[in-house]
There are 2 protein chains.
Amino acid sequence: MEIAEILPFIAGIASFLVAGGLVAWIVKQPAGTKEMMDISNAVKEGASAFLKREMKIIIPVAIALSLIIGIFLTPSNGIAFAVGAALSAVAGIISLKITVKAAVRAANLSGSGLGQTFAMAFRGGATVGLAVPAMALLAITGLYLIYPDPITIAGVGIGASLIALFIRIGGGIFTKAADMGADLVGKVEANIPEDDPRNPATIADNVGDNVGDAAGMGSDVYESYIVTILAALLIAALIGAPNFFLYPILIGSSGMIASIIGVVIVGSKNITDVMKPLNRSFYVSAAIAIGLNYVFITQFIGDSAASYALFGSTVIGVILVPVIQKITDYYTSYKQKPVIEIADSAKWGYASLTLMGIIKGMQSTGPFMIALVVAIIVSYSIASAAAPEGADPVLYGIFGTALTAMAMLSLAGIVLSIDAFGPIADNAGGIVEMTGMGEENRKVTDEIDAVGNTTKAVTKGFAIASAALAALAMIQAFQFEAAHVFEGVLDLDYSLTNPAIIVGLLIGGLIPFIITGQLINGVSRAAGKMVDEVRRQFKADDGILAGTSKPDYAKCVDIATVASIKELWKPALVAIISPIILGILLGPTAVAGLLMGSVVTGILLAYHLANTGGAWDNAKKLVEMKGEKGSEVHKVAVVGDIIGDPYKDTAGPALNTVIKLLNTIAIVFVSAFVAIIAI
Amino acid sequence: MEIAEILPFIAGIASFLVAGGLVAWIVKQPAGTKEMMDISNAVKEGASAFLKREMKIIIPVAIALSLIIGIFLTPSNGIAFAVGAALSAVAGIISLKITVKAAVRAANLSGSGLGQTFAMAFRGGATVGLAVPAMALLAITGLYLIYPDPITIAGVGIGASLIALFIRIGGGIFTKAADMGADLVGKVEANIPEDDPRNPATIADNVGDNVGDAAGMGSDVYESYIVTILAALLIAALIGAPNFFLYPILIGSSGMIASIIGVVIVGSKNITDVMKPLNRSFYVSAAIAIGLNYVFITQFIGDSAASYALFGSTVIGVILVPVIQKITDYYTSYKQKPVIEIADSAKWGYASLTLMGIIKGMQSTGPFMIALVVAIIVSYSIASAAAPEGADPVLYGIFGTALTAMAMLSLAGIVLSIDAFGPIADNAGGIVEMTGMGEENRKVTDEIDAVGNTTKAVTKGFAIASAALAALAMIQAFQFEAAHVFEGVLDLDYSLTNPAIIVGLLIGGLIPFIITGQLINGVSRAAGKMVDEVRRQFKADDGILAGTSKPDYAKCVDIATVASIKELWKPALVAIISPIILGILLGPTAVAGLLMGSVVTGILLAYHLANTGGAWDNAKKLVEMKGEKGSEVHKVAVVGDIIGDPYKDTAGPALNTVIKLLNTIAIVFVSAFVAIIAI
């Protein structure tokens, strides 16, 4: 192996070592009183119960699919699928375990002040942030070195996406069903505060934060990383320059090293504003990533015009991260005009607040899409212009946009670290509340949680933008691959004059609408069951509300588990079956249209849903900060937050994964798309 | 002229004669008491004031654009633009005048029972239904006979769409601002019933029903008709078979004759269920239209395989109308599961009701899109398979889908008649309420109004589906036209591997999101101003609420007028400028992508918005029918209805027109798309 091929292993192992060091530090800290441990254990057990039940369904499906792919398509794809799927599950499980451990310790530290608590939450988050991308980088580099033709390992993408989708959707429905159920009966009917131990759904709510926000985000980022490298490798193979596979893995390595440094420089001393050290850490990482990219690319790939141009594409990717962050922050932060207007509109009542949130979310798609389009145009142009004599400039251009996506994702380590402390702080707050540790402690966790809300919204923007770029690169790879597979058999016309493309675009555009409907419906139905159960418990035993008897937490966890697993199927089926059916009926061109259509509506809907939900959440926070808790205006704002829950935490994030799953399914099953109907 | 060329004139003139007969009958009926006439006059004056102000802005813009197009592009296009624009305005004005006249007479007849009142409302609506499509058919046939190259008269489409958009958006913002303003202060704060004469916004609300629902729908259908024939003519010209221009005008003629018969057979005797005679009338028209199509096509165009195949495409269009109606009816009727579920969810509160409405609206896009796609596939396949030796089967296929759209639109006469009685009944109900004519009379107008609500929702589905088919045909015409214009200059690649196409798709997909945001925002802002004014009047004069002094109705009309005209600009600018800018920068391929992207998200969003809004409206009605008016559940349901107002009556219908305007702009300005940036 060359030095360049060893680099991702060095970066990955370094990342694991630092993550391991952080875990060692975390578990060494005192876990708190018995009461705190009891709650933490209840959450842990609930989460494990959920995951176990989910795995019981996922594992047989995964094995079956792995065999189908391995036997009927290519054996290596079957293996790759298994690797992708297994590690996606591992990413989810790691995220979950660490979050639970860090949360109880952060709660325990909340008496020692902001700095200490923040350090615990951040280090917990950073463990996930460093371990998950490292796993992805190592897995795909390893697979590629064994099977150097990326199309034979594209199954890794299906495995990663499918399991991520299951964890995302399952977790997303679980968390919001529990959350809405707890709020609708607890806050609204019984008039008890959030996280009150008398609420039977409160443990389920905390379990939900873990399985939804922590496990979900972990597998999501893992999956994005895998699919993005895969897309770049597929295009590199089409260009036919063997050493081009080094680009994505070198970019990944540089971002990983940069992220380690970014994580390490975040201290715990003298912290008054949590956002500051996080921002500094991000910009340091970004600068280092650009520098290392330059060094790695010129050193290991050569200093041709193409090298410099492709380095330019990576710079665009790194710059795109803070640009998207700023746009998302503008539309979701309580310090900016949109959220202030939404909070203001609460005084006109429910209808105005709802409409205002939807308006702002719709409008936010404008600057976001324009930023994305400009990045695509610039990145494509410089890369295609630098294509050497005789090479296909189109492929170079597409490779450029794939590297832009990869450069974004290379910062996943630091971005995920900055995101993952949020659910930890949220959970720590829950434990503080449930054990009655007092106002001062709660204020500390609340402050960290509020920052976590912002970074969470911002990370969603990052995830959507990178998903869009990765999917666009995959669509190109799919088209070339299909043309290759059906050479001399089908005459593939990808132009907009082909009715199969138009039908594909319309059906593809439809999928995100249908899945959004299914997911929000799933949450509503599951929340309804939760409400019924909480009401039943309150009615059956007066002692619960009086505080003399303990509610049956496990029953609520169980209901959320069963309901979410039941709802998880339909959207997954739609995503798996639609490209396959359309491909068999109308052929690969229709599938290319479907993939493109799903990206167009998928990213617009996902960004709209994420920002509308985030903005409502922060509008409620703004009303509370003004001291209007309990007022009529606050009641209106709370409703906005509840409507926004499935928007931002279930449907929005799931669409990300759906558009990538569609792509990986399409590319792996391409040889089945025989077009039995010719139009 | 051949007989076939004379047919549209015969059908058009017959349509006008029947419409004239209906008008003569309407004005002969007694207009009611002085009190009723006073209100009717106030509404008429308000509507005229609005239209005058709007025209003051529209006319200079239209003249300027007509000159720009005439001087810089083609003179005939300038003339065609002027014709298209002028008649679009006339369509709006006719619809408005008739509605006002019929409404006061229907109110006056409401004491004579359901049959008489319904006959008046229906005949008023039928006048519009017969006159508007006839105008469109005559205008475009006349223009075509003078300038037989359709690309030289494509400006007629811009004129029609632009003015329709102005009237639709202006009216849509006016009506919902007045409606929301009246409801938010009147119903919610002052606790006075709807249409109460003490409410200063009540006349504005009635004016709004006229300018939004009547004038807006009139110019909308006119515009759809024009653009659909235009698309068919453009494709016919590309095929190069001169007698093919007969297809769309013969289909138009047969539908028009069928609509006249459909209107005439609707009686006024023994009516107990209003829906029955309407349904019978529609199915009779549809059957006659198919029969006449067969006769006309085989008689005047010949009995080749292509003729039969293209006749087949028209049958699909006619069948698609009731299919889409059934789907829309399922998702918006209070007798069906979705609305029942939405009404049920009101018991869980605002958040559940809002989410449930959004879920159902999202889900409704599924069957709708699948029906549309199946129609496209079948229509394209049979038409392209029948292409004669040496002809381009792709163009034949596209021509088939254009004729499917034309066959749908040919039924506009009967569809619009069935729709246009709704606003008349709504207004009649307002007059009954304001003049205190009593419960019995109100019950009669309410019953007709309720059916009107259903037919209104159903007509929206029809408008969206036909807009989609027309736009898809236009996009094909655009691509061929651009290839022709830039032959030897630019190498146009419409395939999904071209980054310009991808950028176009993304930007095109964005436009409906941005415009939806702008429109709902416009309504919210205008409604806010209305609320302030109504509050101001109540505060300034206690006599208003006491019923001793008359509120200043004119001031409210004025506020709605100014606000709506102010908000009308932004979306219109986005629709006009984006294809032009993108075309100049990135060339015609990017524009083709933009058009396609806007159709994909545009029809999905439009259908979602229309159905979600319609379903909330009927969920509220369902709650009221259960006798729960005034209950907590009813309060929740009213909020859903208010949120749905700008969804279904402003944003949804405007998107229809936007996607067609984008297309006509693109095709007329194609020679300007020089692609200064090459990617």
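Tutor: Gln518(A) counts as buried, because its relative accessibility is 16% and the cut-off for buried is under 20%. Keep in mind that this is a predicted model. You'll find Gln518(A) in helix H15 of chain A, which covers residues 499–540. So what does Gln518(A) touch, leaving aside its neighbours within four places in sequence? Its contacts are Lys570(A), Pro571(A) and Val574(A), plus Gln363(B) from the other chain letter. Glu567(A) is worth a look too: 49 residues separate it from Gln518(A) in sequence, yet the two C-alphas sit 8.2 Å apart in space.

Now hop over to chain B. Asp196(B) is in the loop between helix H5 (155–190) and helix H6 (202–239). A polar atom of the Asp196(B) side chain lies 2.8 Å from the backbone nitrogen of Arg198(B).

Still in chain B, helix H14 runs over residues 439–485, 47 residues in total. From first C-alpha to last, H14(B) reaches 65 Å, close to the 69 Å expected at 1.5 Å a residue. Since 37 of those 47 residues are buried, H14(B) is largely enclosed by the rest of the structure.

How far does the predictor back this up? The complex gets an ipTM of 0.94 and a pTM of 0.94. Chain A has a mean pLDDT of 90, with 99% of its residues at 70 or more. Within chain A, confidence is lowest in helix H5 (residues 155–190), at a mean of 85, and highest in helix H11 (residues 350–385), at 96.

Note on methods. Residues are numbered from 1 along each chain as its sequence is written. Chains are lettered from A and ligands numbered from 1 in the order in which they are written. This is a predicted model: local features need pLDDT of at least 70, side-chain atom pairs count only at pLDDT 80 or more; totals for chains, interfaces and linings use all residues. Side-chain values use heavy atoms; hydrogens and water are left out. pLDDT is the predictor's confidence in each residue, from 0 to 100. Helices (H or I, at least four residues) and strands (E, at least two) are DSSP runs, numbered from the N terminus. The expected span of a helix is 1.5 Å times one less than its number of residues. Buried means under 20% relative accessible area, exposed over 50%, partly exposed in between (1.4 Å probe, protein chains only). Contact means heavy atoms within 4.5 Å. A polar contact is a pair of N or O atoms within 3.5 Å; within protein, one must be able to donate a hydrogen and the other to accept it, and residues adjacent in sequence count only if both atoms are side-chain atoms.
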